[in-house]
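Reader: Hey, I've got a protein to look at for class and I'm a bit lost. Can we go through it together?
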Amino acid sequence: MAASTSSAPRTLLVVSGGREAVPAIAVARRMGLRVVVSDGAPDAPGFRHADAGILASTYDPEATAQGARAFAMRHRLDGVLAVASDVPVTVAAVAESLGLPGPSMASARLASDKLAMKDALRAAGVAVPWYAPVPSPAVLLDLASRVAMPLIVKPVDSRGARGVVRLLPRIDPVWAFHQAQAESPTRRVMVEEYVPGPQLSTESAVIDGRAITVGRSDRNYALLDRFAPFVIENGGELPSVLPPATLAAIDALVGEAAAALGVTHGTVKGDIVVGDGGPMVIELAVRLSGGYFCTHEIPLATGVDFVEAAIRLALGERPAPADLEPRCARGVAQRWLFPPPGTVTGIEGVEAARAAEGVELLEVTTSPGTVVRPMTSHVCRAGVVITVGDTREEAVARANAAIARVRVVTQTVHAPPSAALH
């Protein structure tokens, strides 16, 4: 790094300039930091809120690290983190290149490869669902015929539920294999047990090897059958309704999983399922979550500014555990917008929904003239609402009412017959 005076403002590099990163950029600026944003899209909204920018794909570790090094030759750079972007290797590459705090390259690579992650977790004795690599459609056909459990087929290294398929009785395993393979940058596919039971999203700060879980959201899969065989989540609710003993077991499990991946300082985001034998790790991400969980839902529900804590960790600081203690317990709910596929011809009810009591965020991400694709992954969702209430039930009712007010009118596009069914 270039020499700089200690009086110069500290600078944070935020990897990703997407809309979900903008609230975190605002937190960093409120903390008195200069913000540099890196993104491969010249029109990324985060650039408009940053002090400087690096044009490099978030999925290109070397290009991002090279841009960070060039910036650091002229200005100080004190920390790096990703917000709502699953790019731990890129963050680790910048941190390693400039000697900044951040995940190790080994941890980042484990978090980016679901098979390697599961291998590391299982080797450390962390509970995970049964899983196996699937090198070919023939192997999947054989497994599907022999394994007496419900199965999920997924890409080894993708995100946002892309290519994730439930292997239901009438679903063609060969079709499912190719759906998953098409979404894998390395063309690798895996299969794992689909464990019935409640699922949670968790958000934790790891300080000196100790994981402190601040956010626990019960994930809402009420529309699972509607979008089958694809696995589409429709938001979630806080606080969790699970018993305190189960939540304590989940917190301990997240800590064990973070240790198994070598994370001793930073943040981790967990996808957890509670089966008959207790909680298990579906995945553990070494980053801040997307979907406005860390930027909106956690502070609204608990009063904890989790993003500020994450930024302090990225700068090499150690937030006081007391700063991560909940200050309140409000109900928070999130729901997503699922318009019918087709070309958007109009959008109605947004302002009325946005003005309704308890609505903290309402965002529509489509516009007239754009095409709404069939709902095969989370990236196809067309908007989101986050609401608060004195109770969880009140927040849920408000979220459902707000999302019902928004109508995205589409001109239907008739899709070709699916090859999914036997």
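Predicted model: local features only at pLDDT ≥ 70, side-chain atom pairs only at ≥ 80, totals over all residues.

Reader: What's the lining like by class?
Author: It has 13 nonpolar residues, four polar and one charged.

Reader: Let's look at H3 then. How many of its residues are buried?
Author: Eight of the eleven, so H3 is mostly covered, with buried meaning under 20% relative accessible area. Among the buried ones are Pro-88, Val-91, Ala-95 and Leu-98.

Reader: What covers them?
Author: The cover includes strand E1 (11-15), helix H2 (61-72), E4 and helix H4 (105-112). Just after H3 comes Gly-99, with a positive phi of about 70°.

Reader: Switching topic: which residues have a positive phi although they are not glycines?
Author: Ser-16 is one of them, at about 110°, and Asp-208 is another, at about 50°. Most residues other than glycine have a negative phi.

Reader: Where do they sit, and are they buried or exposed?
Author: Ser-16 is in the loop between E1 and helix H1 (22-30), and at 8% relative accessibility it counts as buried. Asp-208 is in the loop between strand E9 (199-207) and E10, and with a relative accessible area of 54% it is exposed.

Reader: Where are the cis peptide bonds?
Author: One joins Ala-228 and Pro-229, with omega about 10°. Another joins Leu-238 and Pro-239, with omega about -5°. Pro-229 lies in the loop between strand E10 (210-219) and strand E11 (236-238), while Pro-239 lies in the loop between E11 and helix H8 (244-260).

Reader: OK, salt bridges! How many are in the whole structure?
Author: A search finds 30. Asp-86 and Arg-287 make one of them, at 3.1 Å from N to O. Asp-86 lies in the loop between E4 and H3, and Arg-287 in the loop between strand E13 (278-285) and helix H9 (293-302), so this pair ties together parts 201 residues apart in sequence.

Reader: Are those two buried or exposed?
Author: Both Asp-86 and Arg-287 are buried.

Reader: What does Lys-154 pair with?
Author: Lys-154 forms a salt bridge with Glu-283, and their closest N and O atoms are 3.2 Å apart. Lys-154 is in strand E6 (residues 151-155) and Glu-283 in strand E13, 129 residues apart. Lys-154 and Glu-283 are buried too.

Reader: And what's Glu-237's partner?
Author: Arg-335, with the closest N and O atoms 2.8 Å apart. Glu-237 is in strand E11 and Arg-335 in strand E14, so the pair ties together parts 98 residues apart in sequence. Both Glu-237 and Arg-335 are buried.

Reader: Last one: which residues do salt bridges with shared partners join into one network?
Author: Arg-10, Arg-30, Asp-305, Glu-308, Arg-312 and Glu-317.

Key
Residues numbered from 1 in each chain as written. Heavy atoms only, no water. Nonpolar A, V, L, I, M, F, W, Y, C, P; charged D, E, K, R; others polar. Buried < 20%, exposed > 50% of the residue type's maximum accessible area, 1.4 Å probe, protein only. Helix = DSSP H or I, 4+ residues; strand = E, 2+ residues; numbered from the N terminus. Contact = heavy atoms within 4.5 Å. Salt bridge = Lys/Arg side-chain N within 4 Å of Asp/Glu carboxyl O.
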